[in-house]
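Thank you all for joining; I would like to walk through one structure with you this morning. Please have the sequence and the coordinates open while I talk.

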Amino acid sequence: MARLVPRSRRDRLLVALLMGGVGEIGWCIYLGLVLPPHYVAHHWALAWIGLDIAEVSMLFASAWAAWRQRALLILFTIVGATLFLLDAWFDVTTANHGDLSQSLVLALFLEVPSAVALLWVARRAVIRLFLTHSVDHLSTVPMYKVALTREVLNTTSVREVPLAPEADR
């Protein structure tokens, strides 16, 4: 029987991710067994306001990255989308019976579409990034300095460069 020993950094990462996934399954089972069906949170408003502030922060950070044509747009939009999906999940799953319809409307018509829009922007930015940069360039420059297009590096005005690839028009 061959012994599987992670030899490369990639192999060690895969093992760590798989172990983390298995551990998380165990944690979910444990929580499902021990958490009470009803719990009063003393900092309920702070939790919700904190989540909304994180969403606002990611929207502003995404706007900044789009304005400056920075590759950080990808990170900010993915984090923002994740936060919107979390907000929708917790809105719906923690709603009282009387508030469920309002939570569903917010989730279906605001939070989930916002997440989808942000993921669409991230996808477009990834395409633009890889169409205009070599892998060598991306591996040598800190992410906050990577422009979405090569033209941004060569022009004086950042706003002149469209975000969308020419092929998509």
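Let me begin with Ala147, which is found in the loop between α5 (135-140) and α6 (150-154), where helices are DSSP runs of H or I of at least four residues, strands are runs of E of at least two, and both are numbered from the N terminus. Ala147 has a relative accessible area of 0% and is therefore buried, a word I use for values under 20%, with exposed meaning over 50% and partly exposed whatever lies in between, for a 1.4 Å probe and protein chains only. Ala147 and Arg70 are 77 residues apart in sequence, yet their C-alpha atoms are 4.4 Å apart in space.

A word on the basis: this is a predicted model, in which local features need pLDDT of at least 70 and side-chain atom pairs count only at pLDDT 80 or more, whereas totals for chains, interfaces and linings use all residues. Residues are numbered from 1 along each chain as its sequence is written, and side-chain values use heavy atoms, with hydrogens and water left out.

For the chain as a whole, there are 6 helices and 0 strands, and the pattern along the sequence is α-α-α-α-α-α. Of the 169 residues, 27% are buried. If contact means heavy atoms within 4.5 Å, then among contacts between residues at least 6 apart in sequence, 58% join residues at least 24 apart. The accessible surface comes to about 12,200 Å², with 69% of that belonging to carbon and sulfur atoms; the areas come from the Shrake-Rupley method with a 1.4 Å probe, and for residues only the protein chains shown count as cover.

Turning to aromatic pairs, the rule is that rings of Phe, Tyr and Trp (its six-membered ring) pair if their centres lie within 6.5 Å, with planes under 30 degrees apart counted as stacked, over 60 as edge-to-face and the rest as tilted. The count by this rule is 2. One of these pairs is Trp27 with Tyr30, which is tilted, at 5.5 Å between centres and 35° between planes. These two residues lie 3 apart in helix α1 (residues 9-34), so about one helical turn separates them. Trp27 is partly exposed at 45% relative accessible area, and Tyr30 is partly exposed at 44%. For Trp44 and Trp48, the ring centres are 5.8 Å apart and the planes stand at 70°, which makes the pair edge-to-face. Here the residues are 4 apart in helix α2 (residues 44-67), again about one helical turn. Trp44 is partly exposed at 43%, whereas Trp48, at 18%, counts as buried.

Which residues make up the nonpolar surface patch of about 780 Å²? They are Ile25, Trp27, Ile29, Tyr30, Leu33, Val34 and Leu35. Patches are made of residues with over 30% relative accessible area and no salt bridge, joining like charges within 9 Å and nonpolar side chains (Val, Leu, Ile, Met, Phe, Trp, Tyr) within 5 Å. Ile25 lies in helix α1 and, at 53% relative accessibility, counts as exposed.

Finally, charges. The structure holds 1 salt bridge, defined as a side-chain nitrogen of Lys or Arg within 4 Å of a carboxyl oxygen of Asp or Glu. It joins the side chains of Arg10 and Asp11, at 3.6 Å from N to O; Arg10 is exposed at 57%, whereas Asp11 is partly exposed at 26%.
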